[in-house]
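Me: Could we go through this model together, starting with how its helices pack? I would like the cut-offs spelled out as we go.

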Amino acid sequence: MEKQPLYEGKAKRIFATNNEDEVLVYYKDDATAFNGEKKGTILNKGILNNRISSFFFKLLSEQGIPNHFVSMPSDREMLVKSLKILLVEVVVRNIAAGSLAKRIGWEEGRKMPCTVVEMYYKNDDLGDPLINDYHIKALGLATAEQVAKMEEYALKINTILTNYLKEKDLELIDFKLEFGLHKGEVMLGDEISPDTCRFWDSKTGEKLDKDRFRRNLGNVEEAYKEVLLRLTGEVL
């Protein structure tokens with residue numbers, strides 16, 4: 001497999017392959033927060049996020065959610081279908097935390113009366129601002145049909161993951177999803193990991209996600225390892 005660099009982001013490198021319909025994703029240990037203002041390294045984060053994301057993508061495939069996962073060639077590499085990324089990040093929130101808690105004045109940890117779905121403009125220069133359907137239409141980011149499909153998948157994913165994680169004593173607080181088009185089909189991409197989700201221990205409330213890095217809580221790698229252990233039984 002040829003490895004011609006295509007793109008490098010905050011947490012991943014993307015390489016072309018000899019199949020134009022597939023690319024290779026390499027997961028890095030680099031960590032950023034607050035739109036890149038805080039930077040650091042989490043030991044083995046790339047391996048952990050690759051394994052965790054691969055697990056979730058397989059689980060969602062079994063439940064009928066189309067996603068870009070093809071295979072996991074190595075601990076840090078994921079072979080995926082090539083997507084034309086839609087510049088709309090979808091955030092699903094079950095419990096008030098992070099920016100939402102500050103925005104609406106609720107204490108962190110308060111359960112939402114209903115699941116909240118938010119859309120953000122995927123634009124680093126602008127700080128990924130919150131947008132709505134009208135903004136999406138005006139900016140030409142996605143069609144109304146594509147937005148509806150993303151919302152439909154996001155809510156289904158929330159149900160699947162919430163129910164599964166309860167069995168693992170993990171509370172799914174909120175999470176971010178990215179979608180793209182593969183041969184015209186809306187498909188889930190990016191990753192599902194402690195980088196993009198808030199996972200709390202359902203008994204103790206302990207944070208087992210990137211908030212440990214954002215808030216200088218320590219034991220970041222241990223938290224990611226705990227998530228992998230609960231999901232797969234694997235010890236890194």
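**Helix packing and buried residues**

Reply: The axes of helix α1 (residues 45–62) and helix α6 (residues 220–232) come within 10 Å and cross at roughly 30°; axes here are lines fitted to C-alpha atoms, for helices over the stretch in contact, and angles run from 0 to 180 degrees between N-to-C directions. Helices (H or I, at least four residues) and strands (E, at least two) are DSSP runs, numbered from the N terminus. This is a predicted model, in which local features need pLDDT of at least 70 and side-chain atom pairs count only at pLDDT 80 or more, while totals for chains, interfaces and linings use all residues. Residues are numbered from 1 along each chain as its sequence is written, and side-chain values use heavy atoms, with hydrogens and water left out.

Me: What orientation do α1 and α6 have to each other, and which hand is the crossing?

Reply: The two helices α1 and α6 are therefore roughly parallel, given that angles under 35 degrees count as roughly parallel, over 145 as roughly antiparallel, 65 to 115 as roughly perpendicular and the rest as oblique. Their crossing is left-handed, a term for the near helix being turned anticlockwise from the far one by less than a right angle, with right-handed used if it is clockwise.

Me: Which residues in α1 and α6 meet?

Reply: On the α1 side they are Lys 45, Leu 48, Asn 49, Arg 51, Ile 52, Phe 55 and Phe 56, and these meet Glu 221, Tyr 224, Lys 225, Val 227, Leu 228, Leu 231 and Thr 232 in α6, where contact means heavy atoms within 4.5 Å. By class, this contact of α1 with α6 has 8 nonpolar, 2 polar and 4 charged residues, with Ala, Val, Leu, Ile, Met, Phe, Trp, Tyr, Cys and Pro counted as nonpolar, Asp, Glu, Lys and Arg as charged, and the others, Gly among them, as polar.

Me: And Val 227, is that buried or exposed?

Reply: Val 227, which lies in helix α6, counts as buried because its relative accessibility is 1%; buried means under 20% relative accessible area, exposed over 50%, and partly exposed in between (1.4 Å probe, protein chains only). Leaving aside neighbours within four places in sequence, Val 227 is in contact with Ile 52, Pro 194, Phe 199 and Leu 208. From Val 227 to Pro 194 the C-alpha distance is 7.9 Å, although the two are 33 residues apart in sequence.

Me: What covers the buried residues of α6?

Reply: The cover includes α1, α4 (144–166), β11 (170–182), β13 (197–201) and α5 (211–214). After α6 comes Gly 233, whose phi is positive, near 80°.

Me: Switching to α4, at what angle does α1 pack against that helix?

Reply: α1 and α4 pack at an angle of about 115°, with their axes 11 Å apart, and that makes α1 roughly perpendicular to α4. The crossing of α1 and α4 is right-handed.

Me: Which residues meet there, and how do they divide by class?

Reply: Phe 55, Phe 56, Leu 59 and Leu 60 in α1 meet Ile 157, Ile 160, Leu 161, Tyr 164 and Leu 165 in α4. The residues of this α1 and α4 contact divide into 9 nonpolar, no polar and no charged.

Me: Now a loop: where does Arg 76 lie, and what does Arg 76 contact?

Reply: Arg 76 lies in the loop between β6 (69–74) and β7 (77–81), and is buried, with a relative accessible area of 17%. Leaving aside neighbours within four places in sequence, the contacts of Arg 76 include Tyr 26, Asp 29, Asn 44 and Asn 50.
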